[in-house]
Amino acid sequence: MEHSRRGGRVRLQTNAGSGVQDMRKVKAAILGSGNIGTDLLIKLARSPFLELTAMIGIDPLSDGLTRARNLGYATFDGGLKSFLDEVPDLADIVFDATSAKAHIRHAKMLKEKGIKSAALTYTNN
């Protein structure tokens, strides 16, 4: 299977000869501008299937928000609420790289807006 990027869409060519399929890339935001979020920023920027749109944090001077801003992504330093109040349609999924306890609250807020969430930090509870 081959893929190529074209303006927010992915063109897939299968080896089975079924032709070319156009698929919309999934819009993704990262919640948490610490080490985990910053590492994910670098990975998502290269994804052929996910379109990184924004990084959300609470420290405007954090390395993650600074890197995202410098790479041209939308950044929000007022936390998840500011993102949801301003542009919730900027993401189909939010990768939550904050604390394990915060995931529960964040998942509820995102679900209310129809946005999927994925928790990235570990908890043994």
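Where is glycine 34 found? It is in the loop between strand 4 and helix 1, and that loop is a handy way into the fold. The model is a predicted one, with residues numbered from 1 along each chain as its sequence is written, and local features need pLDDT of at least 70 while side-chain atom pairs count only at pLDDT 80 or more. Totals for chains, interfaces and linings use all residues, and side-chain values rest on heavy atoms, with hydrogens and water left out.

As for the overall layout, the protein has 4 helices and 8 strands, where helices (H or I, at least four residues) and strands (E, at least two) are DSSP runs numbered from the N terminus. Along the sequence these elements come in the pattern β-β-β-β-α-β-α-β-α-β-α-β. Of the 125 residues, 37% are buried, buried being under 20% relative accessible area, exposed over 50%, and partly exposed in between (1.4 Å probe, protein chains only). The accessible surface comes to about 7600 Å², and carbon and sulfur atoms hold 53% of that; areas come from the Shrake-Rupley method with a 1.4 Å probe, and for residues only the protein chains shown count as cover. Taking contacts (heavy atoms within 4.5 Å) between residues at least 6 apart in sequence, 45% join residues at least 24 apart.

Five strands form an open sheet in the order 6-5-4-7-8, with parallel pairing; two strands pair if DSSP finds at least two bridges between them. Strand 6 (74-76) and strand 8 (116-119) sit at the edges, each pairing on one side only. On average, neighbouring strands of this sheet are turned by 25 degrees against each other, direction ignored. Strand 4 (residues 26-31) runs parallel to strand 5 (residues 50-56), and 6 bridges join them. Within that pairing, isoleucine 30 has methionine 55 of strand 5 as its bridge partner. Helix 1 (residues 35-44) packs on the sheet and touches strand 4, strand 5 and strand 7 (93-96), its direction making about 155 degrees with that of strand 5. Angles here run from 0 to 180 degrees between N-to-C directions, and axes are lines fitted to C-alpha atoms, for helices over the stretch in contact.

Next come the cores, each a set of buried Ala, Val, Leu, Ile, Met, Phe, Trp, Tyr and Cys residues joined through side-chain atoms within 4.5 Å. The largest has 13 residues, and Ile30, Leu41, Leu44, Leu52, Met55 and Phe95 touch the most other members. At least two residues of this core come from each of strand 4, helix 1, strand 5, helix 2 (63-70) and strand 7. A second, separate core has 12 residues, among them Leu31, Ala54, Leu80 and Ile115. Leaving aside neighbours within four places in sequence, phenylalanine 95 is in contact with Ala28, Ala29, Ile30, Leu31, Leu40, Leu44, Leu50, Ala118 and Leu120. In soluble globular proteins, nonpolar side chains tend to be buried together.

Over to helix 3 (residues 79-86), whose buried residues are Gly79, Leu80, Ser82, Phe83 and Leu84. Their cover includes strand 4, strand 5, strand 6, strand 7 and helix 4 (100-112). Helix 3 and helix 4 pack at an angle of about 5 degrees, their axes 11 Å apart. The two are therefore roughly parallel to each other, given that angles under 35 degrees count as roughly parallel, over 145 as roughly antiparallel, 65 to 115 as roughly perpendicular and the rest as oblique. Leu80, Lys81 and Leu84 of helix 3 meet His106, Met109 and Leu110 of helix 4 in this contact.

Helix 4 also carries histidine 103 and histidine 106. Histidine 103 counts as buried because its relative accessibility is 9%, and histidine 106 is buried at 9% too. Beyond neighbours within four places in sequence, histidine 103 is in contact with Asp96, Ala97, Thr98, Ala119, Leu120 and Thr121.

Glycine 34 and alanine 97 are 63 residues apart in sequence but 7.7 Å apart in space, C-alpha to C-alpha. Isoleucine 36, in helix 1, is partly exposed with a relative accessible area of 41%. Apart from neighbours within four places in sequence, isoleucine 36 is in contact with Ala97, Leu120 and Thr121.
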